[in-house]
Amino acid sequence: VLVQRCGDNFKAAMPKNMMSSFSDWLRGDNTLMRALLSDNHITDSGVALLATPGLVCNSTLLSLDLSFNDIQISGAVALLEAMAFSQSGIQELELSINPLFENIEINNIDVQRFVSLLPQCRSLKFLGLETTGMADEIGGAILLSLKHHTQISWLNLYNNQLADGSAGALVDTMATNATLQRISFENNKITDVSIERLLGSAQVMDMEGVWLGETPSQLSYFSHHCSALQ
């Protein structure tokens, strides 16, 4: 576990069986701005310790990286609940490379809870959901939940099972959402039909960056604002 504290680059290594003590220590730290906990063996039980009433309730914390762990959907829901109903100031939440949505469908209770909580995380600006086993229906629901979210500007959905439903949901969402500016759809199942619809949306074309893929029929990204993002 790597923790980087603003100012003195403090680093602390903690084995996973000390997660409870680690969480207690973090709760008492009022200077921590970034917690880098990627590439460990953190599961839903460890996330629960961090979430209630732990690290994510710390108003000074701006960035939480939990990528490359073993977190499933119930752990992700615990995080969002803590963020939505506390003084959390987290702006960047990285949950990529976790089995959040593997082998579950849109009617799963925890998935529905995740979708409903997301718009309530008012400080959140970046959300990383790369390689989480996300089905097209789940991706579409997540995107539609952002119709009236005024903070998230960057959403990473790289390498999932997203297809035309999610692409259509992006078009619908951007009709009312002027804040979402960057989204990655790369390495999914977007077809030429969706490319045409995305290109036909003035709101989508006005985004800073929409990454789709590198096949001959798909632009790696498009938008007249994208050149600075290469």
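Biologist: Where does I97 lie?

Modeller: I97 sits in the loop between β4 (92-94) and α4; helices (H or I, at least four residues) and strands (E, at least two) are DSSP runs, numbered from the N terminus. This is a predicted model, where local features need pLDDT of at least 70, side-chain atom pairs count only at pLDDT 80 or more, and totals for chains, interfaces and linings use all residues. Residues are numbered from 1 along each chain as its sequence is written, and side-chain values use heavy atoms, leaving out hydrogens and water.

Biologist: Why is I97 called partly exposed?

Modeller: Buried means under 20% relative accessible area, exposed over 50%, and partly exposed in between (1.4 Å probe, protein chains only). I97 has 24% relative accessibility, so I97 counts as partly exposed.

Biologist: And what makes N103 exposed?

Modeller: The relative accessible area of N103 is 81%, so N103 is exposed. N103 is also in the loop between β4 and α4, and its phi is near 60°, a positive value in a residue other than glycine.

Biologist: Why is α4 called roughly parallel to α5?

Modeller: The axes of α4 (residues 109-117) and α5 (residues 136-145) come within 8 Å and cross at roughly 25°. Angles under 35 degrees count as roughly parallel, over 145 as roughly antiparallel, 65 to 115 as roughly perpendicular and the rest as oblique. So α4 is roughly parallel to α5.

Biologist: Which residues make the contact?

Modeller: V111, F114 and V115 of α4 meet I138, A141, I142 and S145 of α5, where contact means heavy atoms within 4.5 Å.

Methods: Axes fitted to C-alpha atoms, helices over the stretch in contact; angles between N-to-C directions.
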